[in-house]
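The model is shown first.

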Amino acid sequence: MENLNVYAAKMAPQQEFLAGGHRACQGCAELLAARLVAKTLGHDYIIANATGCLEIVTSSYPHSAWEVPWIHVAFENAAAVASGVEAAVKILQKKGKYPVDRKITILAQAGDGGTVDIGLQALSGALERGHDMIYICYDNEAYMNTGVQRSSSTPYGATTTTSPAGAADPLGQHTMKKNIVEIAAAHNIPYVATASPSYPFDLMEKVKKASETPGPAYIHCFVPCPTGWRMAPNLAVSIGRIAAESKVFPLYEVVNGEYRMTVTHKKHRPVIDYLKPQGRFRHLNEDNIAEIQQQVDKSYERLLKKVKMSSTELD
Amino acid sequence: MAKRVGIEVSLAISEAVKLAKVDAVAAYPITPQTHIVEHLSELVAEGELDAAFIPVESEHSAMSVCAGTSAAGARTYTATSSQGLALMNEILFIIPALRLPVVMTIANRALSGPISIWNDHSDIMSVRDTGWIAIFVENGQEAFDLTLQSFKIAEDHRVLLPISVNLDGFTLSHVIEPHEFLDQDEVDRFLPEYKPAVQLNPDDPVSMGTVGVPEIYAEAKKCQDEVLKGSIKVVKEVFAEFAEMFGREYKVVETYRAEGAETLLMTMGSVSETAMEAIDKMQEAGRKVGLIRLRLWRPFPADDLRAEMGSVKTLAVIDRAVSFGGAGGPVAGEVRSALYNVDDSPYIASFIAGLGGRDITVDDFIEMVDQAEAMAKVNEIHEYKMIGVRE
Amino acid sequence: MTKKYNEKAWHEYELGFMVSRPGCSAEYRTGDWRSQQPQTNKEKCIKCGVCYLVCPEGAIVLAADGTYDFDLEHCKGCGICATECWTGCISMVEEGE
């Protein structure tokens, strides 16, 4: 648990808008994150959900886990559907034709495949047009719903069913994880953040900020997947913490172009602490791990430079 | 009172959409649909139409945005053509399944490749089975009238299905024609405000687009097909109400000088006007020919078609698209199915003509009648014949 | 008697096969998936609520005395609560023990 007052958990909103009985695997951090997001946004919001784990496990007919209005159309278009909902609610409220005149938050949610790969165009369009909505990507770093195929969000060295580590090619995934957070930030939108349910208050705070920010907000949420990452389900929350502590997944936000770390660590753990509990990295040798350590250090330094530059500008 | 206006057909469609007081328009530009959406964005910018105009980054997103706007309860419109319609394809199937009454104009254009911006019906035929109501228009007045009527049909709570209004790209969309416009109060009387049956609303939350498990998927598809088939009743009611109010009559199957005809040409879209000339010419020469036009393509008006087959011995169906590797043009295939097993059903000849902007002349129509009658005489077994192609 | 969802005729469903009962997935018992279940030593529990916060199922509920109970109809037995508990008062025990 994050380094807060031990009793802080009691202060989280008690209401639930994502019911139990959903069909997610044991220890699914995506569902944990979605539950925390739902808690934070409360009653007055509408979800446009992409096809993916979150969609199928929460909406198996005749059931729905959602206690708020929810629509699923297809895989690659959550951002576009949400754009439509946002535009419609806005114009209907203006014309006095919408049944609710309170502010309604519009939330698009999708997995990494639905965001960084097939949904990238619709996402870019929605961010560029400036719809007042939140887009959350729940990143479990592969196509888990279809059986753990690699996406462009799969990290270097991870074995998946379409980037398998084999005798002739022992590495697994050859490419670096696509930096979608920077792509979102490059749209000059007012709010971009990374988040993780391993830091529930940081996540909830960011969702709150995103909902209060006029215009588009993008949150990239790191959601460990015990099934796809081949690790024990009880580790789903702790591994997310190690990801932050080892600089693999730093927690930061970009507010109007200004970078700020939201969770910092006095001392960082080596990446091996993060890689070791996960079966998807078990095949890596020392050289591979050293290479990953180098990559992680380098991108973290790059991030720190941006943070530093932002704080200088603020001075 | 209604006024007569000479205006480009694309703009007349935009004016109809304005008079329908749509709440949301999402569109991506594609030739030859552009004039329609340009004019709509202008109407919004000028404050003449109080609607959200969402200029999306692709047609896939255009239709996806329409899903969102319609599900949130907005009267929703879009327009496209050809490749744009093809890119929407995935979402086209989902809109009727979610029962969203989106209205879309399709300025019909050939599909690539080779790339062609000119008119035929390959775009609409390729989305035949997506579950939309599909209407064809032949001239600007029909485009104006049927755009307005489409909202009323789609939004009827017995229907709640999307509609495409098809007009021939360039040959109709870009011509200037006289139109009888309706006044806003006339339109308001005909087309009241859209009342969604269900909408995304936090005070009454629903989940739309849940997983269709095997126990319900077949029922979902059966329901969709029954509602689509049943919509023909509403189409006819709306046509009748429009005729009653404004005096212009529409039928799901239209005929021209078909009484007592032994041979009928069958067309869809704006070529019908040339076909009429051909019919006039042949009748002057004493031939028993007439014209039948399909206004409604989906749901397919099989009963209405059969009712027109009285004395007909030969039916020459003109398709403007190829069903590759198939046993005839797509329309001819439907017509053959509808008339098969019907007593004394006519001989059906399948012609494909007018692909990718190729003209179909009066003489071409006469040639098709000649060929069809000759083929009927010997009951020639054939799949289709392409007219006006170099062999 | 109302028909079950898999007994209805095609015309007896809601518009567009939507689901209009919010949160009705709770009717589905995922507790059957479990091979281990959490147990709390309530004497060691400091009532912090961390277990409640990190449960992906929302299956940990506040009890009258400020400690937390498990909704065993939905708990899938993932063990996150036991791993995250500050005092180690939650342990995972084999089902049926």
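How much area is buried between domain 1 of chain B and domain 2 of chain B, and what percentage of it do carbon and sulfur atoms give? The area is about 2200 Å², and carbon and sulfur atoms give 56% of it. Buried area here is the accessible area (1.4 Å probe) that two parts lose on being put together, summed over both.

This is a predicted model, in which local features need pLDDT of at least 70 and side-chain atom pairs count only at pLDDT 80 or more, while totals for chains, interfaces and linings use all residues. Residues are numbered from 1 along each chain as its sequence is written, chains are lettered from A and ligands numbered from 1 in the order in which they are written, and side-chain values use heavy atoms, with hydrogens and water left out.

**Domains of chain B**

- Chain B is divided into domain 1 (3-246) and domain 2 (255-386), with bounds that come from an automatic or database domain assignment.
- The contact between them (heavy atoms within 4.5 Å) takes 30 residues from domain 1 of chain B and 25 residues from domain 2 of chain B.
- The C-alpha centres of the two domains of chain B lie 28 Å apart.
- Five salt bridges are counted between the two domains of chain B, a salt bridge being a side-chain nitrogen of Lys or Arg within 4 Å of a carboxyl oxygen of Asp or Glu.
- E334(B) and R128(B) meet through their side chains in a salt bridge (3.4 Å, N to O).
- On the side of domain 1 of chain B that touches domain 2 of chain B, the elements that give two or more residues are α5 (122-126), β6 (133-136), α6 (140-155) and α8 (214-246) of chain B; helices (H or I, at least four residues) and strands (E, at least two) are DSSP runs, numbered from the N terminus.
- α8(B) gives the most to that side, with six residues.

**Chain C against chain A**

- In this interface, 40 residues of chain C are in contact with 42 residues of chain A.
- The two chains bury about 3400 Å² between them, with 59% of it on carbon and sulfur atoms.
- One salt bridge is counted between chain C and chain A.
- R241(A) and E84(C) meet through their side chains in a salt bridge (2.7 Å, N to O).
- α1 (50-54) and α2 (80-84) of chain C are the elements that give two or more residues to the side of chain C that touches chain A, and α1(C) gives the most, with four residues.
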